[in-house]
Amino acid sequence: MARDMGPVLKKCRSLGLEPAYLGINKKSNRTSSRAGKKVSEYGLQLREKQKAKFIYGILEKPFRNNFDKAKKLKYGTTGENLMILLELRLDNVVFRLGFGRTRSEARQIVDHKHVLVNGKRINIPSYVVKAGDVIEIKEKFKSAQRYKDVLEVTAGRLVPAWLEVNHETLSGTVKEIPSRDQIDVPVNEMLIVELYSK
């Protein structure tokens, strides 16, 4: 599976993004060498797309597929639908529930077949969850030291209102499909729509 393995803090700096959105508690003290320079309209649109791809850890092709899917949905705007589809990815939901310190760790947990959705093992990070789905860590991994360490780090993290979590049983439920204002990701999705509409 292809992944972006570049330096995370450097990428955060160039996109003007807080590392906290990726679940990383480090802070970069350097400033971007391009700070203060005027950016073209295309440059702004491209940066928003790169920001969304970077936050959710997706490469261009799957990102574009999500955009095409969002465009076909009968309700809501394309931009909002895109953000909701990205938010409903299984690896993101595992991260939001606090079972992974970062989205890339959550993706690894899914990849390694530690996650059950409604009792069935799913190892596809891009799997889209639905309202009512129950996500849990497989029984044989629940007592692993890894998850004790993860929960120690993520204990203070706010779980979104559209999810319900039980840290004792390492399980969570998707209560509802989130609305755009429930997604705390600093991306202007309208600029992404404009970019793809060219």
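Reader: Is E105 buried or exposed?

Author: E105 counts as buried, because its relative accessibility is 12% and the cut-off for buried is under 20%. Keep in mind that this is a predicted model.

Reader: Where does E105 lie?

Author: E105 lies in helix α6, which covers residues 103–111.

Reader: What does E105 touch?

Author: Leaving out residues up to four places away in sequence, E105 touches G100, R146 and V150.

Reader: Which residues of α6 are buried?

Author: In α6 the buried residues are R103, E105, A106, R107, I109 and V110.

Reader: And what do the buried residues of α6 pack against?

Author: Helices and strands both. The helices are α2 (41–56), α5 (90–96) and α7 (145–154). The strands are β1 (115–117) and β3 (134–137).

Reader: What about just after α6? Which residue takes a positive phi?

Author: K113 does, with a phi of about 65 degrees.

Reader: Switching to the whole protein. How many helices and strands?

Author: Eight helices and five strands. From the N terminus on, the elements run α-α-α-α-α-α-β-β-β-α-β-β-α.

Reader: What share of the residues is buried?

Author: Buried residues make up 41% of the 198 residues.

Reader: And contacts? What share comes from residues 24 or more positions apart?

Author: Such pairs account for 62% of the contacts with a separation of 6 or more.

Reader: Last one. What does the accessible surface come to?

Author: About 11100 Å² for the protein. Carbon and sulfur atoms hold 52% of that surface.

How values were computed. Residues numbered from 1 in each chain as written. Predicted model: local features only at pLDDT ≥ 70, side-chain atom pairs only at ≥ 80, totals over all residues. Heavy atoms only, no water. Helix = DSSP H or I, 4+ residues; strand = E, 2+ residues; numbered from the N terminus. Buried < 20%, exposed > 50% of the residue type's maximum accessible area, 1.4 Å probe, protein only. Contact = heavy atoms within 4.5 Å. Areas by Shrake-Rupley, 256 points an atom, 1.4 Å probe, with all protein chains shown as cover.
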